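Please open the model in a viewer and keep the selection panel at hand.

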Amino acid sequence: MDRKEENPEPVEQAAAPGRLARIGAWFDLRLRISDQIWPELAHHVPRSSASFWYVFGSATLLCFMVQLVTGMCLGLVYSPSAAESWASLEYLNYQQPLGWFMRSLHYWGSNFMVALMTIHVVQVFLFGAYKYPRELTWVVGCFLFLLTLAMAFTGQVMRFDQDAYWGLGIGASIAGRFPFVGGIVVDLMLGGPIIGAPTLSRFFTLHVFLVPALLLLLIAVHLWLVLKVGINEWPMPGRLVTRERYLEEYHQLVAEDGEPFVPNGVQKDLVFSGLVMVALVSCAAVLGPAGPNGPPDPTLIDTVPRPDFWFLSLFAVFALLPAYLETPLILIAPPILFLLAALLPFYSGTGEKSWKVRPGAWILVVTVFVCLGTLTWLGIRSPWSPDMAAWSGTPTPVAMVRGRTPLELQGALIVQSKQCRTCHSLGGEGGERGPALDDVATRLTQDQLIHQVLQGGGNMPAYGKNLSPAQVKALVAFLGTMHPPGQLPARDASRVASSAAPVAGVSGGR
Amino acid sequence: MMRRNWRGAGRSVVCLALLWLGACADLPGRPDEADRPIRPNDVKSVDVLYGQNCAGCHGAEGRLGAARPLADPLYWAIVNDAEVQGVVARGVAGTAMPAFALSEGGTLSDAQIAILSDGLRTRWSGPDSAAPGLPTWAIQPGQNGKRGRVDQGAQVFASRCAVCHGGKGEGGIAPGSLVDASYLSLVSDQALRSAVLFGRTDLGMPDFRGGSGEKPLSPDEIADLVAWMASHRVAYPGRPYNESDAAGVGEDGP
């Protein structure tokens, strides 16, 4: 920057900058960079756009740089083969000095990049910055968004642990849905019909060559457009964008109230980038890298693979969609949504920019985030995931053991051994696919309990063939005790009326 | 002047950063080798093995589970390793106790089963282990070469067990029937014997040595009690009430 004018003591430093400057000048004379680039960088931008609202794009770019550098470092050690990748990550984590830190930086860099990019998009959208004449910047940005997500997605596959299986499985099941060509696409993606050794090489190539190359290219275009078209001015309600007059107005604004992009315009970007860097390094140092968790072994069925944070919403969608909706929603909806987003400036390219007078924009942003947030929250809790370990690892609550008859205790054992707790919780522990059974006796009579267990229904398997009559009796006796102390269990009115003998299996005493 | 100070500050920041990176060994984010994921069959910790495989039925601390408590010094004084490992490896057919050995379709290696039985013994043994003259765990033919005698068993039951379980085992202070055909069909004779031998001390039932002032049950009496209880087994348990239901079910699966 304007160091030369300010520097009050040239005595000590004179030699060094002088020599450096001379070398610089030597190159510049031949390369002619300064008279090409400098005017570019020093071009004037509206003073109002030097705001902390405008810093997220450059912060995203910074994260991308971090990803490039850390990614290259990791590439020195990482071995993209199914047999060795896991071991090479373990090596990075435990042996290679600071290897874990590189992994951590790369992981958090990716999280930061997606997060900052998302904020950037929202800001651009709310500030109407995509409108005339910045349509192309927006379209390119949309593709950058996609590519960045593609990096996050293929990156999680690089861990090639159990969670990576989720990514691969989902990817394959999306690809497999394409009509006619589905099989071929899956083959191309996985290197065969199933996840295997060639799969990782394919994703490695995507992650380190193809997608980054496209990203670099589009980033260059994006930045070029930002420089050439000029940074969006702070939107003012009532200042409408029209194709006829906007450029003129913008130039006037810049001429009247502008400042050079470098150094003035970028000051806040630099400050914010510094802060982001500190936050990133702290996260990496304190929270550490992700995984690799268990080795990817299809025989380890007990684990529920989960995607990284950004794909939890997708995870939830896949888990919750009824089968008949999957193909339309997964194949057709995303491209349409993407087109709608990318083509936004072509159907809303003029008019008001300010978010203050565009309630529709607000509503849209809030709706999208509420939906994504809810889905992500569901993805984190994933109540549809069976609790595969509960049957042998989660004790029957002590309160349901005390005071039970021997037969009822056998019923409790059947709830454990027949793995009912994979889907049903007792005392808050166990799966959540079915309702908690803690007070099931207040809802269902003995007959209804027997019916539900034998016939299943509503997503519950039928146990009729898997339970002996004695087991059913024990089970129903136990479930019949599942009501709060003061509250009576549900009774079959006809049975009470006919005052038949006490229902079999429910012994007195309570 | 100002500038020099700034430069000094810059240098110290860089130095600090380097120092900090150098001290990375202690950063909280550094992965701990102890947390490294291991294959299920490489797990060697007794706590983990018990917690993941047994706590569900035998209770979090080895007591107050739906199945027999294992946190019982008397239990480990009487049972030997082969017996425990046999049960864990092969399970108990017809009961809720599953087979855990890989060879039986379970999930634990033989080494892990041995680690478990050793570890649980160490954890739950007590002073009782030294006491001589304890009955055996396994069901053995009575002294005259016969198993237990049913009518003798009924007498012993009336004198020693009826206080809590009612004269005919129908239930009393201790809730529920011991001679319910469905219950009996779901437990092994060994489980009945274990109930008499070790009681359910976690639920208030004494072991074979009885309450205060009682003399311990003799091996014959133990065998007789088991025989009496087992004599209530029937051919088709659990039928009477839900015959109609049990008939046509299971056709419309999920």
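Select A:Ser354 to begin; this residue lies in the loop between helix H17 (344–347) and helix H18 (359–381) of chain A. Helices here are DSSP runs of H or I of at least four residues and strands are runs of E of at least two, numbered from the N terminus. The model is a predicted one, in which local features need pLDDT of at least 70 and side-chain atom pairs count only at pLDDT 80 or more, while totals for chains, interfaces and linings use all residues. Residues are numbered from 1 along each chain as its sequence is written, chains are lettered from A and ligands numbered from 1 in the order in which they are written, and side-chain values use heavy atoms, with hydrogens and water left out.

Is A:Ser354 buried or exposed? Its relative accessibility is 1%, so A:Ser354 counts as buried. Buried means under 20% relative accessible area, exposed over 50%, and partly exposed in between, with a 1.4 Å probe and protein chains only. Display the side chain of A:Ser354, which reaches the backbone nitrogen of A:Lys356 at 3.0 Å. Then show A:Leu126, A:Pro235, A:Met236 and A:Pro237, which A:Ser354 touches when residues up to four places away in sequence are not counted; contact means heavy atoms within 4.5 Å.

Next, select A:Asn93 in helix H6 (residues 85–94) of chain A. A:Asn93 has a relative accessible area of 2% and is therefore buried. Which side chain does A:Asn93 join through a polar contact? The partner is A:Arg103, at 3.0 Å. A polar contact is a pair of N or O atoms within 3.5 Å; within protein, one must be able to donate a hydrogen and the other to accept it, and residues adjacent in sequence count only if both atoms are side-chain atoms. Beyond neighbours within four places in sequence, the contacts of A:Asn93 include A:Trp100, A:Pro289 and, in the other chain shown, B:Pro31.

Move to A:Leu331, placed in helix H16 (residues 323–342) of chain A. A:Leu331 is buried, with a relative accessible area of 14%. A:Leu331 and A:Phe178 are 153 residues apart in sequence, yet their C-alpha atoms are 7.2 Å apart in space. A:Phe178 is among the contacts of A:Leu331, as are A:Ile174, A:Arg177, A:Pro179 and A:Glu326, leaving aside neighbours within four places in sequence.

Now select helix H20 (residues 406–417) of chain A, which has 12 residues. Because 11 of the 12 residues of H20(A) are buried, this helix is largely enclosed by the rest of the structure. The buried residues of H20(A) pack against helix H19 (390–393), strand S3 (425–426) and helix H23 (469–479) of chain A, and against helix H3 (55–58) and helix H9 (181–186) of chain B. Just after H20(A), inspect A:Gln419, which takes a positive phi of about 60 degrees.

Continue with the residues where H8(A) and H9(A) meet: A:Phe153, A:Gln156 and A:Val157 in H8(A), against A:Ala164, A:Trp166, A:Gly167, A:Leu168 and A:Gly171 in H9(A).

Finally, select chain B, which contains 12 helices and zero strands. Of the 254 residues in chain B, 39% are buried. Among contacts in chain B between residues at least 6 apart in sequence, 64% join residues at least 24 apart.

Definitions and conventions. The expected span of a helix is 1.5 Å times one less than its number of residues.
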